Amino acid sequence: MTSVEEVREHLLDAAEQVFYARGVQAVGMDRLRTAANLPLRRIYQLFPSKDDLVVAFLRRRHLRMMASITEFVGRADEGAARVSAIFTWLHKWFCEPDFRGCPWMNVFGELGATTPAVAAEVHHHQREFRKLLAGIVVDAGYSRETGNVVHLLAEGAVSTAAVQRTAAPATEARRAAEILIAAEGAGRKRRGSAGSR
């Protein structure tokens, strides 16, 4: 017998697939019912509203993404290699055949102004994503300011890749990040040399 949690996960799989591919507003509950192969009554038992389902799909995707980046970056050598690994992860994502840009910004563009729960989930993702990337940079030995810039490079790469339908922005953003951290390292060496005179 299938458990409630298994049905819930199955429904979220279907919701993520159709919402990410087509947009939330373009997908009615009938289409979702077909995609999940579940009766509408069952769907509404699990999620009383479409907004609840959207928030749940975003939250689950957020947790998966954060864990995936953390695990991937953790396998890289320490220091600058871990900063570069952020953009290698993004490149892999951009190369996926179903890549359609940032799910959170896509949904925010559709619903953010009118759906407070969705807007709150998007804001939560942005705060945590920034915290994660800046933390990786700081742990690698660079400044918080550099970490914030690396986060903006990553966000820009996601948006550009979605519009241009190419993974190249990940490579370009990685190069910009490498220039940035090299400049910070060189600045520290100069200050250290000046202080030792």
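This is a predicted model: local features need pLDDT of at least 70, side-chain atom pairs count only at pLDDT 80 or more; totals for chains, interfaces and linings use all residues.
Contact here means heavy atoms within 4.5 Å.

**Helices H4 and H6**

Two packed helices are described by the angle between their axes and the distance between the axes. Helix H4 covers residues 50-74 and helix H6 covers residues 103-111; their axes come within 10 Å and cross at roughly 160°. Angles over 145 degrees count as roughly antiparallel, and H4 and H6 are therefore roughly antiparallel to each other. Their crossing is left-handed.

Which residues in H4 and H6 meet? From H4 come Val54, Phe57, Leu58, Arg61, His62 and Met65, and from H6 come Pro103, Trp104 and Val107.

**Aromatic pairs**

A pair of aromatic rings is described by the distance of the centres and the angle of the planes. The structure holds five aromatic pairs, and two of them are set out here.

| Pair | Centre to centre | Angle between planes | Geometry |
|---|---|---|---|
| Phe19 and Phe57 | 5.9 Å | 45° | tilted |
| Trp93 and Phe99 | 5.1 Å | 85° | edge-to-face |

What does the pair of Phe19 and Phe57 tie together? Phe19 lies in helix H1 (residues 4-22) and Phe57 in helix H4, so the pair links parts that are 38 residues apart in sequence. Both Phe19 and Phe57 are buried.

For Trp93 and Phe99, the planes stand at 85°, so the pair is edge-to-face, given that angles over 60 degrees fall in that class. Are these two residues buried or exposed? Trp93 is buried, with a relative accessible area of 6%, and Phe99 also counts as buried, at 6% relative accessibility. Trp93 and Phe99 belong to one aromatic cluster, together with Trp89 and Phe94.

**Around Ala154**

Our last stop is Ala154, which sits in helix H8 (residues 144-164). How much relative accessible area does Ala154 have? The value is 0%, so Ala154 is buried, the cut-off being under 20%. Leaving aside residues up to four places away in sequence, Ala154 touches Phe87, Leu90, Phe129 and Leu133. Ala154 and Arg130 are 24 residues apart in sequence, while their C-alpha atoms are 9.5 Å apart in space.

Definitions and conventions: Residues are numbered from 1 along each chain as its sequence is written. Side-chain values use heavy atoms; hydrogens and water are left out. Axes are lines fitted to C-alpha atoms, for helices over the stretch in contact, and angles run from 0 to 180 degrees between N-to-C directions. Helices (H or I, at least four residues) and strands (E, at least two) are DSSP runs, numbered from the N terminus. Angles under 35 degrees count as roughly parallel, over 145 as roughly antiparallel, 65 to 115 as roughly perpendicular and the rest as oblique. A crossing is left-handed if the near helix is turned anticlockwise from the far one by less than a right angle, and right-handed if clockwise. Rings of Phe, Tyr and Trp (its six-membered ring) pair if their centres lie within 6.5 Å; planes under 30 degrees apart count as stacked, over 60 as edge-to-face and the rest as tilted. Buried means under 20% relative accessible area, exposed over 50%, partly exposed in between (1.4 Å probe, protein chains only).
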